[in-house]
Amino acid sequence: MKGETGGTRQLLSARVANHLAHCPFESLPRATVLAAKRAILDGVGVMFAASGVSEDIVPFVELARSLGGAPQATIIGFKERVSAPLAALANGAMAHALDFEDAFDPAPCHPNASLLPALLSAAESRPPVSGREFIVAVATGCDLVCRMALSLRQPLESGGWYPPPILGAFGATAAVSRALRLSPAQIADAFSLLLCQNTCPGEIKHSPETVVRAIREAFPAHAAVMSALLAERGVRGFTHPLEGQSGFFALYASGRYEPCDITDGLGERFWIEHLSFKKWPCCRGTHAYIEAAQRLRRAHGFAAGDIAEVRIFGGELQRMLCDPEAQKRRPQTIIDAKFSLPFTLALALRDEEVTLGSFTRDRLAEPPLLSLAAKACFEFRRGISQSAAGEICITLHDGTVLRQSILHALGDPTRPLNDAALHAKFLDCSGRAALPLSRHDAEALAERFMNLEREADVGALLR
């Protein structure tokens, strides 16, 4: 492994912290700036929608209200202001509640899910954070999450962990640290303090009645703000929080990682340019199958009642969306339905489109959907390793066999949702908020997000 005994590994935390503190806006490629603005627009829109659609976020909003604190930052969708850490907690719960935010397919994670709620809270609570600084914070924080994920040579899952919130917390902490103008040493302190709080067990995948999978980003978003605020106040952390003998990579990956995946091209190339944006509000691993089902329906015109069997071909990630079979055929929670290939395929084969309205408590108990989901069975296919790839085979009652494969689901950087589609998504989501935005206000806010580098105070946008 490169750098095992060399300076790259020993200086990793310092090099990353220095980059995060000093990366100038002017050094960002134009594509990186655009990608960051698209991620901000999309992520804020999804939080707006969750504020009005998701029941799972209610306890977090109620807790933030009851604890209150100094009115520093807005609970998105409600217009109420609470302390920055509590706003990060409530908005973090919203960020993934609908599973509709961006994703990074090469190393499946959601690099902005805790980053945006944490950063927005910090930006509102302090002297003006300009649009340029906000974009740098998003671009560098998101890039760090992707680099850390790609560097792993031992999956976090092998230790019983659930990677997305754990990895995302480092990007959130990096972004908040940038907004607070922390020094490189303080950023290392913030990462150290994060290590004292950051966790997410793999049991999140196995308990059929839990909603933790929906609201999981509340915890890293809150921890990121707390860590940066404490570092700002002088709490000293560790010298090597990432690469130390008991640092992040030792604790979570037995020290098996490639530091050059983190440092090569740092500040020159940004992985935020390679995010996928979601057309459908469910796990990214279901999207290729939804698209395949819709293609077959359009091409052959069969009805759901004509289907005798649906075979799902996939790798280990897709197996997780099909097992245990009984649970995935009859999901008990809305978030589990979004992580169920049998259920999402049933929606795609029955409905005109899979939308936010497809995932309700009533639909979880809808007999025709459950009957169709019960016809789905999983078959392992070693060649399907990407989260955005998939293949299905549908057998009709008359014996017709239909097969469709998708290599890169819609939303992939090679098949991106264009700006118009993201704009329409934002308008729809903001109109579903607890306090819905008018069409005029939503259009105006979208315009400002897409020209964010002109803003003098990003925190003022949501007040």
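The model is predicted; local features need pLDDT of at least 70, side-chain atom pairs count only at pLDDT 80 or more, and totals for chains, interfaces and linings use all residues. Residues are numbered from 1 along each chain as its sequence is written, and side-chain values use heavy atoms, with hydrogens and water left out.

Two packed helices are described by the angle between their axes and the distance between the axes. Helix H5 spans residues 84-97 and helix H6 spans residues 115-125. Helices (H or I, at least four residues) and strands (E, at least two) are DSSP runs, numbered from the N terminus. The axes of H5 and H6 come within 8 Å and cross at roughly 150°. H5 is therefore roughly antiparallel to H6. Axes are lines fitted to C-alpha atoms, for helices over the stretch in contact, and angles run from 0 to 180 degrees between N-to-C directions. Angles under 35 degrees count as roughly parallel, over 145 as roughly antiparallel, 65 to 115 as roughly perpendicular and the rest as oblique.

From H5, Ala84, Ala87, Ala88, Asn91, Gly92 and Ala95 meet Pro117, Ala118, Ser121 and Ser125 of H6. Contact means heavy atoms within 4.5 Å. Six residues of this contact are nonpolar, four are polar and none is charged.

Two non-glycine residues have a positive phi. For Lys79 the angle is about 70°. Lys79 sits in the loop between strand S1 (73-74) and strand S2 (81-82). Lys79 is exposed, with a relative accessible area of 54%. For Asp99, phi is about 50°. Asp99 lies in the loop between H5 and H6. Asp99 is buried, at 1% relative accessibility. Buried means under 20% relative accessible area, exposed over 50%, and partly exposed in between (1.4 Å probe, protein chains only).

A cis peptide bond links Asp323 to Pro324, with omega near -5°. Pro324 falls in the loop between helix H15 (316-320) and helix H16 (325-329).

Thr32 belongs to helix H3 (residues 30-53). Thr32 is buried, at 0% relative accessibility. Its side chain makes a polar contact of 2.5 Å with the side chain of Glu273. Such a contact is a pair of N or O atoms within 3.5 Å; within protein, one must be able to donate a hydrogen and the other to accept it, and residues adjacent in sequence count only if both atoms are side-chain atoms. Neighbours within four places in sequence aside, Thr32 contacts Ala139, Phe270, Ile272 and Glu273.

Key: Nonpolar A, V, L, I, M, F, W, Y, C, P; charged D, E, K, R; others polar.
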